[in-house]
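Keep the structure open beside you as you read.

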Amino acid sequence: MATISDVAARAGVSTATVSRALNGKSTVDPTLAARVQEAATELGYHPNGLARNLRRQETAVLALIISDVENPFFTAIARGVEDLAQRSGYSVVLCNSDENEDKERRYIEVALQERVAGVVLSPTGRSTNVEGLRRQGTPLVAVDRPLPAEAGDQVLVDTRHAAAEATRHLLAGGYRRVGCLTGPAGVRTADDRLAGYADVVGEENVVSRRAEYRAEGARLAALELLDEPSPPDALLVANSTMAIGVLEALSARSLRSGRDIGIVSFDDAPWTTLIDPPLTVVAQPAYEVGRVAAQLLLARIADSTRDATTTTLEARLIERKSSRR
């Protein structure tokens, strides 16, 4: 990658002249400016916009740290953040923590080093540490999973209530032994979905397994449930990525959703209407989560004295054939 020194050497001028020429300063002789532009083009040099903004104290970059870029729920959040940020003159840098605490910590450190204007973060779990952001005064909004209230604003979805509604839907459909496949312990969304399910079936009737929010872990966990002496006749699944693993497990046991076992999954991924039978889902307003988060972050950037807020959005059950006998 070409540097400003490379451009200066090619054009036969100082780096200061290169900087002034590329920034359009009128103090640079037009002939020299043309020579600098030609050298920059030949070398493929692009000025470091972030560094330039930092020197001017005009940082217009937001960091978005999400848990899993492969999960359509988080990509929809990213779109919501980016759309509003772009309209407001901000660029968004996307970071994928991959549900990994070490990666999350490194991305937070990068956000601190680059002095981004603000951070939207989907925390990986209880060990998420945002103290450095607080000390530096970097505005922060947590999405999907909460942080302590003093950390900043947050935008959540009431998934406990949604899980209870989905469980009642399965029971009303004639299923009698409803199970739950949820995410790792200590991840708020996973705990809330299990709790909402348990609110309806009662603690003594809980049939559940935990796995990573991944297809393979869900497949193995679903096989364990299906191989029990009294397997569940319906499953509430914590997200669409896990649902893929569950459907693979059903196929391995020659079972069909709806006919043999009822399935309701969180998140209305694009593929859920393309399978046979279509998947009943708990649709979360992911785009709206991202849009509201960006709105709160920009308001915090404009006024750091605002009181921290928690916005809780509602999910909705979309009934399809996978939960009908």
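**Exercise 1.** Decide whether Gln154 is buried or exposed.

*Solution.* Gln154 has a relative accessible area of 6%. Buried means under 20%, exposed over 50%, and partly exposed in between, using a 1.4 Å probe and protein chains only. Gln154 is therefore buried.

Before going on, note that this is a predicted model, in which local features need pLDDT of at least 70, side-chain atom pairs count only at pLDDT 80 or more, and totals for chains, interfaces and linings use all residues. Residues are numbered from 1 along each chain as its sequence is written, and side-chain values use heavy atoms, with hydrogens and water left out.

**Exercise 2.** Find the strand that holds Gln154 and list the residues it touches, leaving aside neighbours within four places in sequence.

*Solution.* First, the strand is β5, residues 153-157. (Strands are DSSP runs of E with at least two residues, helices are runs of H or I with at least four, and both are numbered from the N terminus.) Next, look for contacts, meaning heavy atoms within 4.5 Å. Gln154 is in contact with Val141, Ala142, Pro146, Leu147, Thr309, Thr310 and Thr311.

**Exercise 3.** Describe how helix α5 packs against helix α12.

*Solution.* Two packed helices are described by the angle between their axes and the distance between the axes. Here α5 (residues 72-87) and α12 (residues 286-302) pack at about 40 degrees, with axes 7 Å apart. Axes are lines fitted to C-alpha atoms, for helices over the stretch in contact, and angles run from 0 to 180 degrees between N-to-C directions. That angle makes α5 oblique to α12; under 35 degrees counts as roughly parallel, over 145 as roughly antiparallel, 65 to 115 as roughly perpendicular and the rest as oblique. Finally, residues making the contact include Phe73 and Leu84 of α5 and Tyr287 and Leu298 of α12.

**Exercise 4.** Work out the strand order of the open sheet of six strands and name its edges.

*Solution.* Strands pair if DSSP finds at least two bridges between them. The order is β7-β6-β8-β9-β10-β12, with mixed pairing. The edges are β7 (208-210) and β12 (316-318), each pairing on one side only. At one end, β6 (residues 178-182) pairs with β7 in the parallel sense over three bridges, and Leu181 stands opposite Arg209 in β7.

**Exercise 5.** Which strands does helix α11 lie across?

*Solution.* Helix α11 (residues 240-252) lies across β6, β8 and β9. Its direction runs at about 160 degrees to β9.
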